[in-house]
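Biologist: I am new to reading protein models. Could you walk me through one, feature by feature?

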Amino acid sequence: MQLVTTTAQKEALQLRPFTPADVTDYFELVQNNDIAASAGFTPINELMAAQYLLSRQLNQPQVFALVLVATGKVIGSVGLYERMNHRGEPAPQQMDLGYMLNEAYWRRGYMSAAVQLIKRYAFQTLTLHRLTASCLAPNVASRLILEHAGFQQYDQVTHPQYAQFGAGQTELFFECLPNKGDD
């Protein structure tokens with residue numbers, strides 16, 4: 001499955017499954033401290049560890065490499081992940097949106113275009129009834145990406161100081177429902 005879109009700057013972006021050959025570009029993403037902190041993982045400092053993480057992404061059917069078509073470079077990841085209900089079971093027709101972008105490509109509209117594309121895919125192809133996403137409150141860029149894509153904040157939680165992710169920070173929770181033209 002391949003999805004292609006164009007940014008406001010007329011640059012073509014593609015969402016495609018990751019391949020093992022993407023490891024160098026993927027390593028650039030997962031070794032960055034700022035990306036890791038925002039996405040909730042510990043930065044990876046060895047190529048072998050990045051290969052392991054990438055191998056896990058290969059088994060996620062709704063997680064895609066974000067690629068600049070002109071160069072073939074993987075500049076990010078956009079994915080839909082299984083969402084659990086309050087009983088710890090998969091929530092029917094719902095998924096969580098997650099994404100990360102190489103810091104060298106921030107503030108160019110790439111992730112906004114990719115989120116719009118994956119949103120259409122989620123509602124039109126997968127016929128989901130709800131998408132959710134979250135970001136830490138200080139991550140204004142991520143909040144704006146979600147709001148621009150039609151997500152609305154429905155909750156927030158301040159994590160305790162001992163939390164593994166977002167210790168002492170407030171996490172904002174968003175949802176998006178299909179528009180009449182999306183389903």
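Modeller: Start with contacts. Two residues are in contact when heavy atoms lie within 4.5 Å. This model is predicted. In the protein chain, take the contacts with a separation of 6 or more: residues 24 or more positions apart account for 59% of them.

Biologist: How many helices and strands are there in the protein chain?

Modeller: Five helices and eight strands. From the N terminus on, the order is β-β-α-α-α-β-β-β-α-β-α-β-β.

Biologist: How compact is the protein chain?

Modeller: Compare the radius of gyration with a rule for globules. Here the radius is 16 Å, close to the 16 Å that the globule rule gives for 183 residues, so the chain is as compact as a globular protein of that length. Along the principal axes, the C-alpha atoms fill a box of roughly 45 × 40 × 30 Å.

Biologist: What share of the residues counts as buried?

Modeller: Buried means under 20% relative accessible area. Of the 183 residues, 43% count as buried. The chain exposes about 10,000 Å², and carbon and sulfur atoms supply 51% of that area.

Biologist: Let us look inside β4. Why does R83 count as buried?

Modeller: R83 is found in strand β4, residues 74–84. Its relative accessibility is 17%, so R83 counts as buried.

Biologist: Which side chains make polar contacts with the side chain of R83?

Modeller: Two to note. The side chain of D96 is joined to that of R83 by a polar contact of 3.2 Å. The side chain of Y154 makes one at 3.4 Å. Beyond four places in sequence, R83 also has other contacts, including E89, P90, R130 and T132.

Biologist: Last feature. How many disulfides are there?

Modeller: A disulfide is a covalent bond between the sulfur atoms of two cysteines. The count here is zero. C135 is in no disulfide, and its nearest cysteine sulfur, that of C176, is 14 Å away. The cut-off is 2.5 Å. C135 is buried at 4% relative accessibility, and C176 is buried at 3%.

How values were computed: Residues are numbered from 1 along each chain as its sequence is written. This is a predicted model: local features need pLDDT of at least 70, side-chain atom pairs count only at pLDDT 80 or more; totals for chains, interfaces and linings use all residues. Side-chain values use heavy atoms; hydrogens and water are left out. Helices (H or I, at least four residues) and strands (E, at least two) are DSSP runs, numbered from the N terminus. Buried means under 20% relative accessible area, exposed over 50%, partly exposed in between (1.4 Å probe, protein chains only). A polar contact is a pair of N or O atoms within 3.5 Å; within protein, one must be able to donate a hydrogen and the other to accept it, and residues adjacent in sequence count only if both atoms are side-chain atoms. The radius of gyration is taken over C-alpha atoms; the globule rule is 2.2 Å times the number of residues to the power 0.38. Accessible areas come from the Shrake-Rupley method with a 1.4 Å probe; for residues, only the protein chains shown count as cover.
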